[in-house]
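Student: Before we go through the terms, may I see the structure?

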Amino acid sequence: MTITRIQHVTAALLFSVVTMNSANGAEIHPTDSIGFDTTRLAVSLKEVEFTANGRATSTTPVAFTNLTAKKISEVNDGRDLPYLMQMTPGVITTSDAGNGIGYTSMRVRGSDGSRINVTANGIPVNDPESHNVYWVNMPDLASSVRDVQIQRGVGLSTNGAGAFGASVNMATSVPSSDPYTAIDASYGSYNSYKATLRLGTGLLHDHWSADFRLSKLGSDGYIERAKSNLWSYFGQIAYENVGTRLRFLSFGGKQKTYMAWDYASADEMAEYGRRYNPCGKYTDSEGNTAYYQNQNDNYTQYHFHLLLGQRLGDKWYMNAGLHYTKGDGYYEQYKTSRTLIEYGLQPFEDSEGNIVKKQDLVRLKNMSNGFGGGVMSFNYNSNLIQAVIGGAVNHFKGHHFGQVAWVRNYIGTIDPLQEYYRNTGDKTDANIYARANVHIFSGLSGLADMQYRHIGYSINGVSDTYDYSIGGMQQLDIDRHYNFFNPKIGLNYATADGRNRVFASWSVAHKEPTRDNFIDCDPDKTPRPERLMDYELGWQLYLSNLTLGANLYFMDYKDQLVATGQLSDTGNAISVNVPSSYRTGIELQAGLKPARWFDWELSVSLSRNRIKNFTEYIYEDEWTNPIAFDLGSTPIAFSPDATAANAFNFHLLNGIDATLATRYIGKQYLTNTGNNEQSLKAYCVSDLRLSYTTNTIPSVKELKIGFTIYNLFNAIYENNGYAGAGYYVDSEGSKVIYRYSGYAAQAPTNIMASIALKF
């Protein structure tokens, strides 16, 4: 059987089971021994944490998946957290470097990272301006995460940016009561590696403890020169007493990655190979093709959390926290044939008397950001009611400025690191919410969740775009204020034996535009806030060796900001509002454990994602004189109609485990036009993971050796890209339309070996 045929058989197998379950809606029932959700999230005195605030449970009418620390550790060999979550329903991952290390991102139900609300211990993690989470700035955070809950759809009210696709609620490691030392190391293809040291004091004097982690990661990347050099840390000091837990923790990282976000066109890959990276390309003084060695992204980010959990009697407890995140960094880019006046430089006369208006140069784009605030909630638990009242006030200030570091053969006055733009973003985000889950009668409970959110956002200064109408850089004077009310209601019913669960919910969410939506928008199309109405209906069956479920959803958007497929010159996606659009589908999930040594996990997501009446605008030379095409109903970019994940898990004797994990991602369009020539083909990728665990070695609590073959059947695929269009006027006055696209090629078969020691 050929490799191609094996891939086809595997893909067919994924869709062969039509009874498959779904919605991840609950913590696993006590009798469940299989499935994606493998732990019960009981709130005990020892775990008085923020994480209870936004967490769904088995009585919450929300579709969600829980990932435990054990599940995460099984796949944690250095790849970013999105890749450790890619087997959950509706999740799609991307990697600029092609192997999951460096710049990565994730989508859920087709929604990109700016619509996925991420929190750590209840503290917002999303960048307040871009709304994205740059996982590369927090490498190996997975080694310090206790568990992760992924809520699909609007989910529960929480702190941070509005959730338009999902929420990712992370809880960092709880202080250990016993002292420990752990060493993890991995190495594999493309010189990829991870080395992690973890230490814990255990409980000191019955109240105090400290934990620390230091990690070093790196990779040459599958894509040429897509090298990453990453450092990461986590540390916490904790105090606990009867009814009280106080924690101060910090985590962060320092990263240096060679840019790989320009991707390559199909023609370039055909000519130069799939690993071709156009970033940093230029022609040297002798006419040879060269690549700028310092075409790097450099960034350092530190997170600080001070967390207090306090029990206030038998039924009340309080969570409170202060947080601050500091980030500094810059891109260094070689840019060819740039118009000098756009960088604050004057044209010059060369040695031959020619006036030079364009020239190669090196620029730096700098960021210096600070984000801090406070969160608080009061939680009430009784047999009939579980309620929470909470809120947060957060403030962000971000400085953005650009400098010219070098200009080829420049004649004239140029200051070292001459500044050519500077602007400041200032944002205040405050919210208050109240939620109650009320027991109505046997097995039936109702949820009411109300949130009010206020955002004030301003950008002042000049942008990096030259405005020829005024003869200077584009002026920025943006001052917006938004007030959003986000209600959610739902019902949940569980049978007396706990084997069946049904839930239904209706939720409203609003979301403000991002910084890039304002900066990179068409001047005639000022971005508007978005609104989402999310309808969910789910069912789950729990048996001793079988779980099944299904979740139906309809997400109705007003003024959704959708990616056009084009990128700004710093790699950011450009988006436009569309008046009416929707995402609807069914998520199926199943788990089967016919024997102690084997279990099977399967999820399938089928959806339809459409803009009801889309108008495509194509610009002359991509900047001026637009022409419009009314295309009617079109598919939303980067939103496949089908995804699936399948895992065969073998638990053999003497600590030997094996997993064959397969992911299928359907066809994705790179723009909202439904153009087949600008799309990502469907792909099916399988990974084989082997491990051996023993605790029989003297003085070693546990030894684990792992070996993973990624892309086992050598699929040739791309998981991200960009596309655009423009036109020019030919000699006869006709408008000639052209289209272009780039693709993020992913690694063929590659390997990673790992070893973990606990003392």
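Tutor: This is a predicted model, where local features need pLDDT of at least 70, side-chain atom pairs count only at pLDDT 80 or more, and totals for chains, interfaces and linings use all residues. Residues are numbered from 1 along each chain as its sequence is written, and side-chain values use heavy atoms, with hydrogens and water left out.

Student: What makes β4 and β5 a pair?
Tutor: Two strands pair if DSSP finds at least two bridges between them. β4 (residues 116–120) and β5 have 2 bridges, in the antiparallel sense, so they meet the definition. Thr-119 has Pro-124 of β5 as its bridge partner. Strands here are DSSP runs (E, at least two residues), and helices are runs of H or I with at least four, numbered from the N terminus.

Student: Why do β1 and β5 stand at the edges?
Tutor: The open, mixed sheet runs β1-β6-β7-β4-β5. β1 (63–68) and β5 (123–124) each have a single partner strand, so one side of each is left without a neighbour in the sheet.

Student: Which element gives the most to the lining of the second largest cavity?
Tutor: α2, with 4 residues.
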